[in-house]
Amino acid sequence: CKYYQVCLAKNKPVCEYVFYKRNLNRGTVGEFRIGYAPKSGKILVNFLKKKGFTEKEMAEAGLLNQYGGDLFRGRMMVPFIDTTGQVIGFTARIVGQGEPKYLNTPQTLLYDKGRHIFALSQAKQAIRQAGFIVMVEGNLDVVSSHQVGIKNVVATAGTAMTEQHIRAVKRLTGDVRLAYDGDKAGVAATERAIT
C-alpha cells in the first residue's frame, strides 16, 4: 500500500487523473490510502523481492497474475482495509482505457469478498452517530461520499450482500439503507438484498 502511495506521488499525469478527473482531494487520498500501480510488468514483484518477500507469499497475497508478474498495472489503487485498519487487499481502477475497468484482489486468506465491507473501518463512528448505514455499489461512490462529509456510507464487493455482511453491520446498527445504482444490475441487487 505504501509503495503504491509513493508511486502515485511521483507520477504527475496520474496525480492529475486522481485529483482533477476523479475530483479527489489530498485529505481523501490520504484517508483512503489511494495509490497507483505502475504499468510495468514486474515492478512490484522486484520491489517486494528486495524487501525479502517470496513469490509464493506474493501469490498468496493476491498480488501476482497467472504469469508471475504484477496483477495490478496502470491502475489507481484503493486498499481494502479491515476493521482494525490493516490493508487486506485492493480494488484497482484502470487509469485511461482498458478492460476490466475495475480489478479486485482475488480471494485470499485475509480478503474474502463475501465478508469484507469497504470503508467500514472509516465509517464506524459516523454510523453510530447517524444511527443508520448507507450501502452503495461502488467503492469510489463511498470515497466520494466521505469526501463531501457523508461518512456513514460503505459498499460490499460488487453488489451481492451476504449474511456475513449483514452480521458485520448489525453490530453497529439495525438500520441499513440501500443506495445501489438505478440500472438493471443495481435494481436486481436491491431486490436480492431485501429478500
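Which residues of helix 7 (residues 139-147) are buried? They are Asn139, Leu140, Val142, Val143, Ser145 and His146. The model described here is predicted.

## Helix 7 and its surroundings

Gly149 follows helix 7 and has a positive phi, near 95°.

Strand 2 (residues 75-81) and strand 3 (residues 87-94) pair in the antiparallel sense over seven bridges. Ile81 has Val87 of strand 3 as its bridge partner. The two strands form a hairpin, with five residues between them. In the turn, Gly85 has a positive phi of about 90°.

Strand 3 also pairs with strand 4, in the antiparallel sense and over three bridges. Ala92 stands opposite Leu103 in strand 4. Arg93 has Tyr102 of strand 4 as its bridge partner. Seven of the eight residues of strand 3 are buried, so this strand is largely enclosed by the rest of the structure.

How do the strands pair, parallel or antiparallel? Strand 5 and strand 7 are antiparallel, over two bridges. Ile117 has Thr156 of strand 7 as its bridge partner. Strand 6 and strand 7 run parallel, joined by three bridges. Here Val134 has Val153 of strand 7 as its bridge partner. Strand 6 (residues 133-136) and strand 8 pair in the parallel sense, again over three bridges. Met135 stands opposite Leu178 in strand 8.

Strand 7 is covered on both faces. Val153 and Ala155 are buried on one side. Val154 and Thr156 are buried on the other.

Which residues of helix 9 (residues 184-194) are buried? Gly186, Ala189 and Ala193 are. They cover an arc of only 60° around the axis, which puts them on the same side of helix 9. An α-helix has 3.6 residues a turn, so residues three or four places apart point the same way.

Strand 8 (176-178) is included in what covers the buried residues of helix 9. The face turned away from the buried side carries exposed residues: Lys184, Glu191 and Ile194.

## Aromatic pairs and a cluster

How many aromatic pairs does the structure hold? There are seven. One of them joins Phe80 and Phe118. This pair is edge-to-face, with 6.2 Å centre to centre and 80° between the planes. Phe80 lies in strand 2 and Phe118 in strand 5 (residues 117-118), so the pair ties together parts that are 38 residues apart in sequence.

Are Phe80 and Phe118 buried or exposed? Phe80 counts as buried, at 2% relative accessibility. Phe118 counts as buried at 2% too. The cut-off for buried is under 20% relative accessible area.

Tyr3, Tyr4, Phe47, Phe72 and Phe90 form one aromatic cluster.

## Charges over rings

Two arginines sit over phenylalanine rings. Arg26 lies over the face of Phe19, at 4.9 Å from the ring centre. Arg177 has its charged end over the ring of Phe132, 3.7 Å from the centre.

Definitions and conventions: Residues are numbered from 1 along each chain as its sequence is written. This is a predicted model: local features need pLDDT of at least 70, side-chain atom pairs count only at pLDDT 80 or more; totals for chains, interfaces and linings use all residues. Side-chain values use heavy atoms; hydrogens and water are left out. Buried means under 20% relative accessible area, exposed over 50%, partly exposed in between (1.4 Å probe, protein chains only). Helices (H or I, at least four residues) and strands (E, at least two) are DSSP runs, numbered from the N terminus. The arc is that of the directions from the helix axis to the C-beta atoms. Contact means heavy atoms within 4.5 Å. Rings of Phe, Tyr and Trp (its six-membered ring) pair if their centres lie within 6.5 Å; planes under 30 degrees apart count as stacked, over 60 as edge-to-face and the rest as tilted. A charge sits over a ring if NZ of Lys or CZ of Arg is within 6 Å of the ring centre and within 35 degrees of the ring normal. Two strands pair if DSSP finds at least two bridges between them.
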